[in-house]
Amino acid sequence: MAKGKFITFEGGEGTGKSTQLKLLAAYLEQLGVSAIQTKEPGGTDLGQELRKMLVTGDKDKMDAVAEALLYYADRRIHLTKKVWPAIDEGKWVLSDRFADSSVAYQYYGYDKRVPFETLENLYNLAVGDFKPDLTILLDLDPKIGLARSMEKAGHMAVKETRHESREFEFHQRLRDGYLEMAKREPQRFVVINADQPIENLHQKIVAVVTERFNLSSCPK
Ligand code: TMP
C-alpha cells in the first residue's frame with residue numbers, strides 16, 4: 001500500500017491553523033483521501049499531559065531548554081504512536097505544528113535561545129530523516145494574531161496562553177524566523193498570507209495541495 005503524506009501547518013499565535021487544517025481534512029475526505037487531524041503538543045493522551053505543562057501557567061516556570069526537551073518528548077510519542085502508524089496505513093496526516101515550531105519559538109523567539117545545533121541534534125534523535133511532505137506557513141502580523149488568540153482564550157476554561165503572554169518582540173522575532181526558515185527550504189514550505197477571509201485562505205491552501213500532490217488524479 002502507498003504510504004500517506006505528512007502535511008504540517010505552522011505560524012504564530014492566532015493565524016488560523018486549526019480552522020484551516022479542519023477545512024483541508026474535510027476537503028481531502030471528499031476526494032476519498034483518508035486524512036487524520038492532529039497537533040503538537042498534545043496529539044496523544046500522554047502528549048495532552050505534556051501540553052498542559054507547556055502551554056498553561058507562568059511564562060517563566062521553565063526556560064527554553066526545558067521546553068525544547070518536553071516538546072521533543074511530545075513529538076517522539078506523537079510520531080511513534082500516531083503519525084508513523086497512520087502514514088504506514090496509507091493515511092494522510094495533517095498536523096497543527098511540528099518541529100519548525102521548536103525552531104521558531106525555542107530558537108528565534110527567545111533571547112536566551114536553545115542553540116540551533118542542539119535543536120538539530122534533538123531532531124536527529126527523535127525524528128531521524130523523516131520530514132513533512134509539505135509545510136503550510138500561515139503568515140500574519142502578530143498584532144492581529146495575538147488579538148485573535150487572546151479573544152479566543154477569553155472563552156476557554158483553562159487558559160492556554162503561556163506563550164501569548166510573552167513580549168511583543170518575541171512574537172515578531174518568531175514570525176521573522178519562520179519566514180527565514182521558509183526561504184531556506186522553498187521546496188517544503190509554502191507561505192500564505194493569513195490576513196484574509198477563512199474561505200479565501202482555504203481555497204489558496206486547496207490550490208497548493210492539489211498542485212503539490214497532483215490531487216485531481218486521486219481516486220474518489
Ligand atoms: P497551539 O496553541 O498553537 O496548539 O500551540 C501550543 C503552543 O506551544 C504555541 O504557543 C506554540 C508553542 N510551541 C513551541 O513553543 N514549540 C513547539 O515545538 C511547539 C510544537 C509548540
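The paragraphs below move from a central strand to the helices that cover it, and then to the nonpolar cores and aromatic rings.

The model is predicted, so that local features are reported only where pLDDT is at least 70 and side-chain atom pairs count only at pLDDT 80 or more, whereas totals for chains, interfaces and linings use all residues. Residues are numbered from 1 along each chain as its sequence is written, and side-chain values use heavy atoms, with hydrogens and water left out.

Five of the five residues of strand 1 are buried, so the strand is largely enclosed by the rest of the structure; buried here means under 20% relative accessible area, exposed means over 50%, and partly exposed lies in between, with a 1.4 Å probe and protein chains only. Both faces of the strand are covered, with F6, T8 and E10 buried on one side and I7 and F9 buried on the other. Strand 1 runs parallel to strand 3, to which four bridges join it, and I7 stands opposite L94 of that strand; two strands are taken to pair if DSSP finds at least two bridges between them. Strand 4 also pairs with strand 1 in the parallel sense, over four bridges, and here E10 has L137 as its bridge partner.

The buried residues of helix 1 are K17, Q20, L21, L24, A25 and L28, and, seen down the helix axis, they fall within an arc of 140°, so they line one face of the helix. That arc is taken from the directions that lead from the helix axis to the C-beta atoms. The face turned away from this buried side carries the exposed residues K22 and Q30. The cover over the buried residues of helix 1 includes strand 1, strand 2 (35–39), strand 3, strand 4 and helix 8. Just after helix 1, G32 takes a positive phi of about 90°.

Helix 8 spans residues 198–213, and its 16 residues reach 22 Å from the first C-alpha to the last, close to the 22 Å expected at 1.5 Å a residue. Its buried residues are L201, H202, I205, V206, V208, V209 and F213, and these fall within an arc of 165° down the axis of helix 8, so they too line one face. After helix 8 comes N214, whose phi is positive, near 55°.

In soluble globular proteins, nonpolar side chains tend to be buried together. The largest nonpolar core of this model has 31 residues, of which Y72, L119 and V127 touch the most other members; such a core is a set of buried Ala, Val, Leu, Ile, Met, Phe, Trp, Tyr and Cys residues joined through side-chain atoms within 4.5 Å. The elements that give two or more residues to this core are helix 3 (64–88), helix 4 (99–109), helix 5 (116–126) and helix 7 (168–184), and helix 3 gives the most, with seven residues. Leaving aside its neighbours within four places in sequence, Y72 is in contact with A99, S102, L119, L122, Y123, A126 and V127. Apart from this core lies another, of 24 residues, among them A25, W92, L94 and I205.

The structure also holds nine aromatic pairs; rings of Phe, Tyr and Trp (its six-membered ring) pair if their centres lie within 6.5 Å, and planes under 30 degrees apart count as stacked, over 60 as edge-to-face and the rest as tilted. Y105 and F170 form an edge-to-face pair, 5.9 Å centre to centre with 65° between the planes, and this pair links helix 4 to helix 7 across 65 residues of the chain. Y105 is buried, with a relative accessible area of 4%, and F170 is buried at 1%. F170 forms a further edge-to-face pair with Y110, at 5.1 Å and 75°, where Y110 lies in the loop between helix 4 and helix 5. Finally, F6, W84, F98, Y123 and F130 form one aromatic cluster.

How values were computed:
Expected span 1.5 Å × (residues − 1). Contact = heavy atoms within 4.5 Å.
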